[in-house]
Amino acid sequence: MSSTNTAIEWTDKTWNPTTGCNKVSPGCKHCYAEALTKRFHQSFPNGFEFTLHQERLDEPRRWRKPSRVFVNSMSDLFHEKMPFPYLQKIFQIMEDCPNHIFQVLTKRHERMVELAPELNWPKNVWMGVSVENQDYAHRVDYLRQVPAAVRFLSCEPLLGPLNLHLRDIHWVIVGGESGKRHRPIEAKWVQDIRNQSDFNDVAFFFKQWGGIRPKSGGRTLDGRTHDEMPAAWTDHLMSLEKVALAGY
């Protein structure tokens, strides 16, 4: 589970320079990452304990194809046990790999804001927070304080209706929970978030309804899929194309 192509619709690869985490809010209750460590326990000798994997740090440098990379799908980059020098190394590697977009997602909004001024924020690092219900909408206010080129929300698993303040937010992802114990999602919650995104000119991505399996309920909303990406993604691809053309 170090780096791999992934079925997550809004990204291309995952990169896990750390693994392991602990639960901090209701969205964590049925954590898929923790379940994976139990299912493939031979690959995770430390279980779901926070663990550094220094041997994985240089992986993005070896990837030729420009990709969207979900950083720490099996952990949290701003976990309280993350050593700051190691975090700096991760940010340096992301800066050194401008062909890729690195998508960082955290539930540790306070530590994110605390450390943000001490980190370099290249334009290929996108920063997001999880917002599973209204009780955690304040994470968005923290996210606004981070100087990332793209700031995004992951409302997955969506556990209730959300009234969002989307100023300076560029992207909203919504998804229902999957697994045997998945909690229900209501269409009106998703429709309301889509409408808020549209009103604020924010890209909206609907990942799934969820169910027993991630694809159980499909991913169409009101008869169509919603696969919007931030404008920065198109700009990134265009800049790479210009570089490639200039090389001929």
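**Entry 1: Asp-168.** I looked up Asp-168 and found it partly exposed, with a relative accessible area of 38%. I use buried for under 20% relative accessible area, exposed for over 50%, and partly exposed for in between (1.4 Å probe, protein chains only). Asp-168 has a positive phi of about 65 degrees although it is not a glycine. Most residues other than glycine have a negative phi. Asp-168 sits in the loop between S8 and S9.

**Entry 2: the model.** I note that this model is predicted, that local features need pLDDT of at least 70, that side-chain atom pairs count only at pLDDT 80 or more, and that totals for chains, interfaces and linings use all residues. Residues are numbered from 1 along each chain as its sequence is written, and side-chain values use heavy atoms, with hydrogens and water left out.

**Entry 3: Pro-157.** I checked the loop between strand S8 (150-155) and strand S9 (171-175), where Pro-157 is found. The peptide bond from Glu-156 to Pro-157 is cis, with omega near -5 degrees. Strands (E, at least two residues) and helices (H or I, at least four) are DSSP runs, numbered from the N terminus.

**Entry 4: Asp-201.** I found Asp-201 in the loop between helix H5 (187-199) and strand S10 (203-208). Phi of Asp-201 is positive, near 55 degrees. Asp-201 is exposed, with a relative accessible area of 72%.

**Entry 5: H6.** I looked for buried residues in H6 and found Trp-233, His-236 and Leu-240. They cover an arc of only 60 degrees around the axis, which puts them on the same side of H6; the arc is that of the directions from the helix axis to the C-beta atoms. The face turned away from the buried side carries exposed residues, Ala-231, Lys-242, Leu-245 and Ala-246.
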